[in-house]
Amino acid sequence: MSNILKSRELPILVLAVVSLITIFDYYIKIPALQSLAENTNQFAYIISIITLGVGAIALFEMHLKKIRAKKQDWIFSVWTLAMIFVTFVLGISLGIESGTYSYWFNNIYIPGRSAVAGMIVFFAYAVAFRGFKARNLESTLLIVALILALLRDAPIGGVIWSGFAPIGYWLKDVITASALRAIIVGTGIGGVAAGIRAMLGQERGVGT
Amino acid sequence: MNNMFYKIVTFGFLILFFVLILFNIQRGKEGFIPKIRKIAPLEAINEAIGRAAEMNRPVHGAAGVYPINSQWGGLTLVGMSILNYVARLSARYNARAFFTNMESINHPALLEAVRSGYVAEGRPELFKEDTVQFVIQDKVDAMAYGAALGTIFDRERPAVNIMVGGWEYETLMVIQAAHRAGAVTIGGAIGVWRLPDFVAGADYVLLGEELMVAGAYVAKDPVSLCSIQSQDWIKFIVLGLSALGFILNLAGVHVLTDFLTM
């Protein structure tokens, strides 16, 4: 029994069976198959809840180890664990609908998250400054396209020359859109192929 | 055209895809080795991990922010295939590697993908408890994950940052944090969303389909390489359909266009 559970084939078999149930449920409407597909979806939901516990244990282990060893920035690990503990206790004792729990979430988590999101613009400038350097023909074309896109949208572009807007939109709607569509088609085909390879046990690292 | 006809045709395509892949796998088993063009970012992974080992600095790998049971979970699975390869190379070159994750449902699968990489190289002892780190669970977005990676990179100073799978708004934060730490970033994106971020910030980018074939490409065995060839055949069919649709449209017949845009 333990040999079967440890075998390489078992996870691939589970993956293949669940995938086939989901695929056939989309194409063939049989009540029994439909109920089987719904059940497998429920299983996925239950597994995700169980893995949340696995993740929480891994997180606790990692931070406790760091605190015990007094590694660099260990104080932040204390803060992380304290926050998890307080949120957990508040959620369990008062319920996630309670005002105290919501206050905690809305006034500590959300502002922090918004502050981090707001910082993205600075990262965008830093990355653009680093990335858009005319090193070769391709990067020079990229910079020219970027300048045209900027002049298309910036009010000053229209003031300088009315032709920036049509050129900018042509670049976006014709050149960029066609290139992106080619990538999307390739990705779609690649996705289906990767799924089939995983079902056949040919995708490295997935059940192997 | 009714929905039933559409489903029959797409199902037919799926079966065709299955048959082509099985056919090519059989050819691979018989020893046929197809010619596959070199994918620079995947070749660069080898070099970058070797460099990390020489510098005695760690390698970081992440399989993106999407849960494996979501619509974009396929990307995460493909990302894990690449991380399995990264783990193998890290074990081979004796480079310390750490892998981060922000979705609890991905954690057991990522643990297994990485652990099996070390085992495959005969170095299971290099796989430590903290080799795969569950950083955070964020149901709103991945901002906290991005911020956490910034701090982790400042502390660990990785020499290589491998970002595969699917990414969101935090991409720029992670790329810039890796740059600040002096790491080479090898990333992967599948089109519209994060492609510009990776093109502007990463040193090597796996574009769309390249990300999808990475797992099979790095395996380098004839069976995996042959399975990639099936995709090219399907692409030729799609190209043929596109050309046919274009010609039919010019002739005023819109049957194929209507069908493909259903």
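Author: In this predicted model, Asp153(A) and Arg152(A) are joined by a salt bridge, with 2.8 Å between the closest N and O atoms. Is Arg152(A) buried or exposed? With a relative accessible area of 18%, Arg152(A) counts as buried, because the limit for that class is under 20%. Side chains of opposite charge can pair when their charged atoms come close.

Over all chains, the structure holds 13 salt bridges. Another of them joins the side chains of Lys172(A) and Asp173(A), at 3.4 Å from N to O. Here both partners are partly exposed: Lys172(A) has a relative accessible area of 42%, and Asp173(A) has 46%.

In chain B, a salt bridge links Arg88(B) with Glu121(B), whose closest N and O atoms are 3.3 Å apart. Which parts of the chain does this pair tie together? Arg88(B) belongs to helix 3 of chain B, whereas Glu121(B) sits in the loop between helix 4 (107-120) and strand 3 (132-134), so the pair connects parts that are 33 residues apart in sequence. Glu121(B) is partly exposed, at 22% relative accessible area. Arg92(B) also takes part, for Arg88(B), Arg92(B) and Glu121(B) are linked in a network of salt bridges.

The largest nonpolar core has 46 residues, and the members that touch the most others are Ile45(B), Val59(B), Val86(B), Phe99(B) and Ile162(B). Helix 3 (residues 73-93) of chain B, with 10 residues, gives the most to this core. Beyond its neighbours within four places in sequence, Ile45(B) is in contact with Ile82(B), Tyr85(B), Val86(B), Leu89(B), Ile162(B) and Ile186(B). A second, separate core has 34 residues, among them Leu180(A), Tyr145(B), Ile175(B) and Val205(B). In soluble globular proteins, nonpolar side chains tend to be buried together.

Helix 9 of chain B (residues 222-250) has 29 residues and reaches 43 Å from its first C-alpha to its last, close to the 42 Å expected at 1.5 Å a residue. Its buried residues include Val223(B), Leu225(B), Cys226(B), Ile228(B), Ile234(B) and Gly245(B). Against which elements do the buried residues of helix 9 of chain B pack? They pack against helix 8 (164-199) of chain A, together with helix 1 (3-29), helix 8 (209-219) and helix 10 (255-260) of chain B. After helix 9 of chain B comes Gly252(B), with a positive phi near 85°.

Finally, consider helix 3 of chain A, in which Ala58(A) lies. Leaving aside its neighbours within four places in sequence, Ala58(A) is in contact with His107(B) and Phe134(B). The C-alpha atoms of Ala58(A) and Tyr103(A) are separated by 28 Å, and these residues are 45 apart along the chain. Ile50(A) also lies in helix 3 of chain A, which spans residues 31-68. Ile50(A) is one of the residues of a nonpolar patch on the surface, alongside Phe43(A), Tyr45(A), Ile46(A), Ile47(A), Ile49(A) and Val54(A); together they have about 690 Å² of accessible area.

Methods. Residues numbered from 1 in each chain as written. Chains lettered and ligands numbered in written order. Predicted model: local features only at pLDDT ≥ 70, side-chain atom pairs only at ≥ 80, totals over all residues. Heavy atoms only, no water. Patch = residues over 30% accessible without salt bridge, like charges linked within 9 Å, V, L, I, M, F, W, Y side chains within 5 Å. Areas by Shrake-Rupley, 256 points an atom, 1.4 Å probe, with all protein chains shown as cover. Salt bridge = Lys/Arg side-chain N within 4 Å of Asp/Glu carboxyl O. Helix = DSSP H or I, 4+ residues; strand = E, 2+ residues; numbered from the N terminus. Expected span 1.5 Å × (residues − 1). Buried < 20%, exposed > 50% of the residue type's maximum accessible area, 1.4 Å probe, protein only. Contact = heavy atoms within 4.5 Å. Core = buried A, V, L, I, M, F, W, Y, C linked by side-chain atoms within 4.5 Å.
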